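Please look over the sequence and the structure shown here before reading on. The paragraphs that follow move through helix packing, the ligand site and some backbone details.

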Amino acid sequence: MADTTNPPDAEAVYRRLGVAPIINAAGSITRLGGTRTRPETLELMSQAARVMVNIDELNRAAGQEIARLTGAEAGFVCSGAAGGLMLQAAACIAGNDPVKMRRLPDTDGMKNEIVIHTMHRFAYDQAYRAAGARLVEFGDYLFAHPWQLEGAITERTAAVAYLCATFASNKVLPLERVCEIAHARGVPVIVDAASMLPPRANLYRYLRAGADLVVYSGGKGVRGPQGSGILVGRADLIEAAAAQASPSQFLGRGMKVAKEEIIGLVESLAAFVQEDEAAEMAAYRAMAQMVVDALVELPGLRVTLEHDGANYLIPHAVIRFSDQWRGPSRDSIAAAMEQGSPRIHLHQLGGPQELAVDPLNLTEQETAQVIRRLHQELTRQTQT
Ligand SMILES: *Cc1c(COP(=O)(O)O)cnc(C)c1O
């Protein structure tokens, strides 16, 4: 990565409001700032914000560029992946019939059911329900059988939803199988892959597996505008999604995307696609390795560098607390890091005896601070 330092006065705008910056070693978490937008993107956004254009024309051109970059039939810039989920549902339920579009989220009498693995229910599926979808679950928390999906699809089914996330269960039906079953009944498959980039291969993978619409966050690993999202897929469904999005006065009008964000997303995606992934991963690996090297000698901990394509999409330094660990508890260390100065947030989505350092948002200087503080907290004497 080209920008592992920040301009010296970058923090001042926040401090003026009395908001103290934090160090985010937790990854692309929106509540912790998301990601650092690419500096070259910010330059272009600043230019784009000064010029007036017709937004429909801009949306069409941006969509074509996204399609070219991803190999999709069509694309659209939405307001975050969550906004894209709502548009996916709206597109599948109302198509681009203005009578139906105007009625959303009232979907009485429409094909309004979205079929979803029970294992794929999660907080963001509210975005589907916000468009008026009724979620119909199949399978349980341990199993899902093809016949259960077949049985859940009826003449009221608008789409089958599928979640691709590192935390999603691996006991679900494979996406290819879901697409086969849904398509045999003329039902589209909509995918949430918000946080699956990088690796770049995931930009193509879900469409190739047969998905009809896929949404990615523009403000996570792509490092585009924090509030942006990328919707790609079948041309007719993208057209229906775009028809209901801002600037049109339908359901999506409340999820406006600014012209400079549209430009920023397209330019960020182009930069992301062209970037040398091996070099990018090597830079993250070097940062994670520094953390590993600094802590690996501490008895009772197992500190490893992990990058597996399933749980850790980019290299992380993972700290596991074994039964032999005699120092402070994992939770008290995480809490102490968050309460110190500066406050440091670690990745805590692994197991209950696991903490990790995600290098995605760290500058070189911040990495050194994380290491110093982690060492301090881990070697702090506990009262016995
Ligand atoms: C982050 C995330 C979202 C929301 O993405 P935004 O771009 O922040 O709106 C939705 N789904 C999943 C699986 C996510 O990880």
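Predicted model: local features only at pLDDT ≥ 70, side-chain atom pairs only at ≥ 80, totals over all residues.

The crossing in which helix 13 passes helix 14 is right-handed. On the side of helix 13 the contact is made by Ile333, Ala336 and Met337, while helix 14 contributes Val370, Arg373, Leu374, Glu377 and Leu378. Sorted by class, this contact of helix 13 with helix 14 has 6 nonpolar and 2 charged residues, with no polar ones.

Helix 4 (residues 80–94) and helix 10 (residues 235–243) have axes that come within 8 Å and cross at roughly 110°. Angles of 65 to 115 degrees count as roughly perpendicular, and helix 4 and helix 10 are therefore roughly perpendicular to each other. Here Leu87, Ala91 and Cys92 of helix 4 meet Leu237, Ala240 and Ala241 of helix 10, and the contact has 6 nonpolar residues, with no polar and no charged residues.

The ligand is the next stop. Its surroundings are formed by Thr30, Gly80, Ala81, Ala82, Phe122, Tyr124, Leu163, Asp192, Ala194, Ser195, Ser217 and Lys220. Among these residues, Asp192 places a polar side-chain atom 2.7 Å from a nitrogen atom of the ligand.

Finally, some details of the backbone deserve attention in the loops. The peptide bond from Leu104 to Pro105 is cis, with omega near 5°, and Pro105 has its place in the loop between helix 5 (98–103) and strand 3 (113–117). The bond from Leu197 to Pro198 is a cis peptide bond too, with omega near -15°, and Pro198 is found in the loop that runs between strand 6 (189–192) and helix 9 (202–208). Arg223, although it is not a glycine, has a positive phi of about 60°, and this residue lies in the loop between strand 7 (213–217) and strand 8 (229–233).

Methods. Residues numbered from 1 in each chain as written. Heavy atoms only, no water. Left-handed = near helix turned anticlockwise from the far one by under 90°. Helix = DSSP H or I, 4+ residues; strand = E, 2+ residues; numbered from the N terminus. Contact = heavy atoms within 4.5 Å. Nonpolar A, V, L, I, M, F, W, Y, C, P; charged D, E, K, R; others polar. Near = heavy atom within 4 Å. Polar contact = N/O pair within 3.5 Å; in protein donor to acceptor, adjacent residues only side chain to side chain. Axes fitted to C-alpha atoms, helices over the stretch in contact; angles between N-to-C directions. Parallel < 35°, antiparallel > 145°, perpendicular 65-115°, else oblique.
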